[in-house]
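The following exercises are to be worked with the sequence and the coordinates at hand. Each task is followed by a stepwise solution.

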Amino acid sequence: MLINENKQGERKLGVTIRKKTGGAVVRNRMRRLVKEFYRLHKDLFPDRQNNLLKVKQVPERITWTETDKELHELLHVNTL
């Protein structure tokens with residue numbers, strides 16, 4: 001996860017997934033799950049920052065609980 005300040009005063013999220021990780025269906029499903037996590041947990045992302053999440057590997061079974069758990073762990077590590 002890359003974090004960069006912006007001057008517009010709002011938080012933003014970008015998601016990138018390499019083509020090597022899977023087909024378009026898999027990549028779009030992962031992107032939708034990440035965006036849903038962002039929508040539900042905006043308070044975990046600081047104001048005035050651009051957040052870029054690079055997905056390097058997609059799990060075999062993409063589930064909401066797995067995605068939620070991993071992103072909570074990632075954000076907890078970044079805030080320390």
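**Exercise 1. The largest cavity**

Which element supplies the largest share of the lining of the largest cavity?

Solution. The model is predicted, with local features requiring pLDDT of at least 70 and side-chain atom pairs counting only at pLDDT 80 or more, whereas totals for chains, interfaces and linings use all residues. Residues are numbered from 1 along each chain as its sequence is written, and side-chain values use heavy atoms, with hydrogens and water left out.

Step 1. On a 1 Å grid over the protein atoms alone, a cavity is a set of points where a 1.4 Å probe fits but cannot get out, and lining residues have an atom within 4 Å of a point. A volume is the space filled by probe spheres set on the points, which are joined across faces, edges and corners. The structure holds 1 cavity of 30 Å³ or more, and the volume of the largest cavity is about 40 Å³.

Step 2. The lining consists of M1, L13, V34, F37, F45, L53, L71, L74 and L75. By class it has 9 nonpolar residues, with no polar and no charged ones (nonpolar: Ala, Val, Leu, Ile, Met, Phe, Trp, Tyr, Cys and Pro; charged: Asp, Glu, Lys and Arg; polar: the others, Gly among them).

Step 3. Helices (H or I, at least four residues) and strands (E, at least two) are DSSP runs, numbered from the N terminus. Both α1 and α2 supply at least two lining residues each; the largest share, 3 residues, comes from α2.

**Exercise 2. The largest pocket**

Determine the volume of the largest pocket and the composition of its lining.

Solution. Step 1. A pocket is an open set of points with protein on both sides within 12 Å along at least five of seven lines. The largest pocket contains about 320 Å³ of space. Its lining comprises 14 residues, of which L53, K54, V55, E70 and L71 are the closest to the centre.

Step 2. At least two lining residues come from each of α1 (24-40), β3 (49-55) and α2, and α2 gives the most, with 5 residues. The lining divides into 8 nonpolar, 2 polar and 4 charged residues.

**Exercise 3. Salt bridges**

How many salt bridges does the structure hold?

Solution. Step 1. A salt bridge is a side-chain nitrogen of Lys or Arg within 4 Å of a carboxyl oxygen of Asp or Glu. The structure holds 2.

Step 2. D47 pairs with R11, the closest N and O atoms being 2.4 Å apart. Because D47 lies in the loop between α1 and β3 and R11 in the loop between β1 (2-5) and β2 (12-17), the pair ties together parts that are 36 residues apart in sequence.

Step 3. E36 pairs with R39, with the closest N and O atoms 2.7 Å apart. Both residues lie in helix α1, 3 residues apart, about one turn of the helix.

Step 4. Buried means under 20% relative accessible area, exposed over 50%, and partly exposed in between (1.4 Å probe, protein chains only). D47 is exposed at 51%, while R11 is partly exposed at 25%. E36 is partly exposed at 28%, and R39 is exposed at 52%.

**Exercise 4. The surroundings of H72**

Which residues does H72 touch, not counting residues up to four places away in sequence?

Solution. Step 1. H72 lies in helix α2 (residues 64-79) and is partly exposed, with 33% relative accessibility.

Step 2. With contact defined as heavy atoms within 4.5 Å, H72 touches F37, H41 and L44 under that exclusion. H72 and H41 are 31 residues apart in sequence, and their C-alpha atoms are 9.4 Å apart.
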